[in-house]
Amino acid sequence: MEAPGAYQEEVQQQRFRRQLAAVVRNFQWSYAIFWSISTTQPEVLVWSAGYYNGDIKTRKTTQPMEFKDDEMGLERSEQLRELYISLSAGDTNQQCKRPSASLSPEDLTDTEWYYLVCMSFTFGPGRGLPGKVLASNEQIWLCNAQFADSKTFTRSLLAKSASMQTIVCVPFMNGVLELGTTEMVLEDQALIKHITTSFWEMSFPVCTEQSISSPPFPERDEENNMIDAVISPSALFSLPNDNTSKEAEELHPNIYEDLNIDSPDDSWKDPTNTQQMAGSFGFNTELIDDEFSNGVNGSLIPSECVFPKAAFDILTEKTELNLVSLDLDDDASYYANTLVSILKNSKELNSFSRNLIGGCESSFVVWRKSFEAEKVVTGASQKLLKKVLSGGTWINGDCVKGVQEGVGLQSQVWKCGVDVSASHVMSERRRREKLNEKFVALRSIVPSISKVDKASILGDTIEYVKELERRVEELESCQELFDHESRALRKNNPDLVERTSDNYCVKAMSNGKKISLNKRKVRDIDEAEAEQHWVFSKDSHLDINVTMSDQEALLVLHCQWREFLLLEILEAIGNLHLDPVSVQSSISESVLALTIKAKFIKSVVASPGMIKQSLQRVVGKC
Amino acid sequence: MEQSSSLLNPNAYTMDSPHPVYAMAFSPSVSSPLRLALGSFLEEYNNRVDFVTFDEESTVFRPEPALSFDHPYPATKLMFHPRPIPSSTSSLIASSGDFLRLWQVNHDGDGAGKSELRSVLNNSKSSDFCAPLTSFDWNEAEPRRIGTSSIDTTCTVWDIERGAVETQLIAHDKEVYDIAWGEAGVFASVSADGSVRIFDLRDKEHSTIVYESPRPDTPLLRLAWNKSDLRYMAAILMDSNRIIILDIRSPAIPVAELQRHRACVNTLAWAPQAPRHLCSAGDDGQALIWEVPAAAAPGTTLPPEGVDPMLSYSAGAEINQLQWSAAHPDWIGIAFESKVQLLRV
């Protein structure tokens, strides 16, 4: 279905790749990438072509091994590209199975991973190494790439994992040509020139184009005369030399082991879930684009960031590198996201990594939906859990036994097993209710209470009781005085005594209107607004009480009974212009108890004192 | 205690215990032997807490009888001090039952050592009544704080260094069944009244209801707060095979309801380091590991058929307890009947 134009393009692409291959192998570097301007987004550099020349772990080829090295290299790069595409492909590739000879993530070395991840990068104007190179149109030679600041070299962390030490970017054609190596190579302008010139020489055989004296096979050439190194086919594939590859191998298990710990979602042997993985790849590129175009410090999903932090720690082998404090610029966060998606979601990676650790397997198996009985509800569900939560009601009835057997503290603690705390709550509630009732009762007794809160109820009650006490004192002292004086004065001057005592008593009484000494409610006394006159006489057992209101007089009398006493009393009252309206009398044990209500006949009202006097005269007459 | 390997799965390491085990705790110290504390559950007053180490390489259980101690009222929960001093030979472990107790466990190595009771934290004024504790949680951010939940509807926050109550709140209308700390001063609790409430110690008057069970008053029995991503909480209902995942930023609506257990769920635990992984176990004898979907953006809905778990394990009997080791995150411990199994994730 390719149009002729497309075919042409294809051929050109191929040629370009070969050129790249030649360049890289000339200098025995690890990879070359050509970044070109994106067709979809202006001024953004995207991966366009690349050649991988670095360390390989497993060789999966469709051709026999004796094939030429350069072809193998090309094929390898192709395979890596295919792998990247399949990883980042969308939903449609969900179920795709890669041909058995194609690569899968577990086959890759760190350097290959680096190469692969680079495919996902894009660089906005001035961003990243390629971006800067394009913008300034000047080359950049970066040594110690893995230690570079991620602001200058965004992929520094990635480089570290791949032990990528030197990166060179050169403006080339309409994009940027990038070469990288795991060796440390010092800056060499001649090299760069060679790169650009040699690119145009379409040379297929890889052997020494650069005629330079060649020391024998390079071990780690510390003098950085990479150009001088002999290029031999076998050397290509053993480069970078054994040290690094060993390192990579060692690094591998460590990384993956640690990753293992931090990513529990592993050991899925089910490879059908590439969708999720792919999805996040796709998602991440969008994220990048947004970030780059907006230049906004990406609004990262917080939950995603927790994990990448852990991943980073592992990858940097817990060095002091101050990582991803999550307020780094968008480049680092983009990196974070990409790595997250690769690490977290590349399930095959993780499942494979298990094998690295030594074949130990998880206790868990991948969950498979079973179409058997959907819900099997057993008889007593959550039995033990419910017992635990019941707070001891499982202690069967005979808790006394438990108490006796319990040690020390236990016996104090446990009363009846059932609902111990509930009864505690109930008794507390009852106590509170009782208290409240009593407060209400108190409020009804004490007259002066206006507010309903407990504090003022108590306060008013206290004052009331004090008041009452004071009056009781007064009354008692008044009575004593009266008795004393009455006895004394009676001898001398009976009338005077009475008057004096009356007055005295009156005065005392008028202050004590509210005193209720015969259990009458205070309110009644208040309403009556009466004067009371108490006369106590121990000698003659005479008690007279005269209460005057507006139109009535109430007389209460207790005295020794004799004949005709009642008649005489009524006579005396009549003489005082009082008309008895009701009379209650009773005699018990020769004591007359008399209560008379009398009305005033004329407007002249006898004073209580006079009434009393006359009554006394009557009673006293024996 | 013997060590036998399960015939079903060579990668599950089983230990037989003489009595049924309920409470389980992993020691959070990263030193190589995994140490487990196991609390028995007998319906009598003669329970114990035993200690066992497990060697990852040789996969051998080694009981430590010198360290075990009596705990007459069965422990409803056991928990080690969340931030132990590394390379120290003694650890602090708390147990809840009738009271909250702290024990000092001195493991001198080679099976020697002993445990002693350090303090009993009892808040009841009269010795007549005590309200048994259903659960407790040790605050990782502020390890002097332990929060306990009780059937007397209260939650108590203890300052264990002073040995005194920091505060006691009436948390719910009914019995409180579980409590979990979020930050240093924030905890959540679930209750028989069916609600999940969050309390902030800076504002004790008010609590936030994050979720209420749909059928009113269906008790919520267990709660777990995701310590690696404090947005998420998970809860278990009574007599239900569902696990409710809540996002505290969108209360009342669960993020997901995980419904793949074939019988009621008994226990669950969040993964200690991954942000959204959860393991649950129940009466169907299955331990399932789930990946919780991220809180859905508004407008998107969960797939109607629900979320599937990623991994599963069958124990063959009702699993009563599950703990995910924080120090060794690829180990999960489960307890069923009288057996304790360690599963490798």
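1. Leaving aside neighbours within four places in sequence, Tyr31(A) is in contact (heavy atoms within 4.5 Å) with residues including Val24(A), Tyr51(A), Tyr114(A), Tyr115(A), Met164(A), Ile167(A) and Glu178(A). This is a predicted model, in which local features need pLDDT of at least 70, side-chain atom pairs count only at pLDDT 80 or more, and totals for chains, interfaces and linings use all residues. Residues are numbered from 1 along each chain as its sequence is written, chains are lettered from A and ligands numbered from 1 in the order in which they are written, and side-chain values use heavy atoms, with hydrogens and water left out.

2. Tyr31(A) is among the residues with the most contacts inside the largest nonpolar core, which has 34 residues. Such a core is a set of buried Ala, Val, Leu, Ile, Met, Phe, Trp, Tyr and Cys residues joined through side-chain atoms within 4.5 Å; buried means under 20% relative accessible area (1.4 Å probe, protein chains only). Helix 3 of chain A gives the largest share, six residues. Helices (H or I, at least four residues) and strands (E, at least two) are DSSP runs, numbered from the N terminus.

3. Helix 4 of chain A has as its buried residues Gly128(A), Leu129(A), Pro130(A), Gly131(A) and Val133(A). These pack against strands 1 to 6 of chain A. After the helix comes Asn137(A), with a positive phi near 60°.

4. In chain B, Trp331(B) belongs to strand 29 (residues 331–336). Trp331(B) is buried, at a relative accessible area of 0%. Its C-alpha atom is separated by 5.6 Å from that of Leu343(B), 12 residues apart along the chain.

Note on methods. Buried < 20%, exposed > 50% of the residue type's maximum accessible area, 1.4 Å probe, protein only.
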